Amino acid sequence: QVQPVESGGGSVQAGGSLRLSCVVSTYTYIDNCMGWFRQATGKEREGLAGIDTGSGLTYYDDSVKGRFTISRDNAKNTVYLQMNHMKPEDTAMYYCAARDGRFCPQWVGDVGSYFRFWGQGTQVTVSS
């Protein structure tokens, strides 16, 4: 399928960890940029992290650098977001997205505008 499919969301206590997964079709995955985004109620969408599936180069927003890690499994056409030391302010709907066969953009500003295919999202709730 072209549309990414996310999984792994849920509820966790502050300080805990979650790992999100995102699977796409082989055609969409190969030599593409995949990204993780989130949107909390009443807030703008944030671009958290991106990865070039071909090279493995990664990109992070400063707000999650050191806590979140994006990775890939080429054999499974899957991208992951490992989230550690989670905080209540991490509560949001998390989305996976794919570009259209291009490298990741510079990870600043509204990076989501560069992505074409979006998943339905998975809810993450962090309690204090």
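Contact means heavy atoms within 4.5 Å. Keep that rule in mind for the first stop.

**Before you start**

This is a predicted model: local features need pLDDT of at least 70, side-chain atom pairs count only at pLDDT 80 or more, and totals for chains, interfaces and linings use all residues. Residues are numbered from 1 along each chain as its sequence is written, and side-chain values use heavy atoms, with hydrogens and water left out.

**Stop 1: glycine 9**

Select glycine 9. It touches Leu20, Thr122, Gln123 and Val124, not counting residues up to four places away in sequence. Glycine 9 sits in the loop between β1 (5-7) and β2 (10-13). Strands here are DSSP runs of E, at least two residues long, and helices are runs of H or I, at least four residues long; both are numbered from the N terminus. Buried means under 20% relative accessible area, exposed means over 50%, and partly exposed is in between (1.4 Å probe, protein chains only).

**Stop 2**

Select β4, residues 33-39. Six of its seven residues are buried, so β4 is largely enclosed by the rest of the structure. Two strands pair if DSSP finds at least two bridges between them. β4 pairs with β5 in the antiparallel sense over six bridges. Glycine 35 has glycine 50 in β5 as its bridge partner. Six residues lie between β4 and β5 in their hairpin, and glycine 42 in the turn has a positive phi of about 80°.

Next, show β9. It also pairs with β4 in the antiparallel sense, over six bridges. Tryptophan 36 stands opposite cysteine 96 in β9.

**Stop 3: on to β5 and β6**

Six of the seven residues of β5 are buried, so β5 too is largely enclosed by the rest of the structure. Three bridges join β5 to β6 (residues 58-60), and the two run antiparallel. Which residue of β6 is the bridge partner of glycine 50? Select tyrosine 59 to see it. The hairpin of β5 and β6 has five residues between the strands, and glycine 56 takes a positive phi near 85° there.

**Stop 4: β7 and β8**

Select these two strands. They pair in the antiparallel sense over six bridges. Serine 71 stands opposite tyrosine 80 in β8. Their hairpin has four residues between the strands, and asparagine 77 takes a positive phi near 50°.

**Stop 5: the largest core**

A nonpolar core is a set of buried Ala, Val, Leu, Ile, Met, Phe, Trp, Tyr and Cys residues joined through side-chain atoms within 4.5 Å. The largest one holds 25 residues. Select Met34, Trp36, Ile70, Leu81, Met83, Tyr94 and Val124, which touch the most other members. Which strand gives the most to this core? β9 does, with four residues. Now pick out methionine 83. Leaving aside neighbours within four places in sequence, its contacts include Leu18, Leu20, Phe68, Tyr94 and Val124. Apart from this core lies another, of seven residues, among them Cys33, Cys104, Val111 and Phe115.

**Stop 6: the disulfides**

A disulfide is a pair of cysteine sulfur atoms within 2.5 Å. How many are there by this rule? Two.

Select cysteine 22 and cysteine 96. Their sulfur atoms are 2.0 Å apart. The torsion about the S-S bond is about -75°, so this disulfide is left-handed. Cysteine 22 lies in β3 and cysteine 96 in β9, so the pair ties together parts that are 74 residues apart in sequence. Both cysteine 22 and cysteine 96 are buried.

Now select cysteine 33 and cysteine 104. Their sulfur atoms are 2.0 Å apart. With 90° about the S-S bond, this link is right-handed. Cysteine 33 is in β4 and cysteine 104 in the loop between β9 and β10, 71 residues apart. Numbering the bonded cysteines in sequence order, the pairing is 1-3, 2-4.

**Last stop: arginine 99**

Arginine 99 lies in the loop between β9 and β10 (117-118). Leaving aside neighbours within four places in sequence, its contacts include Cys33, Cys104, Tyr114 and Phe115.
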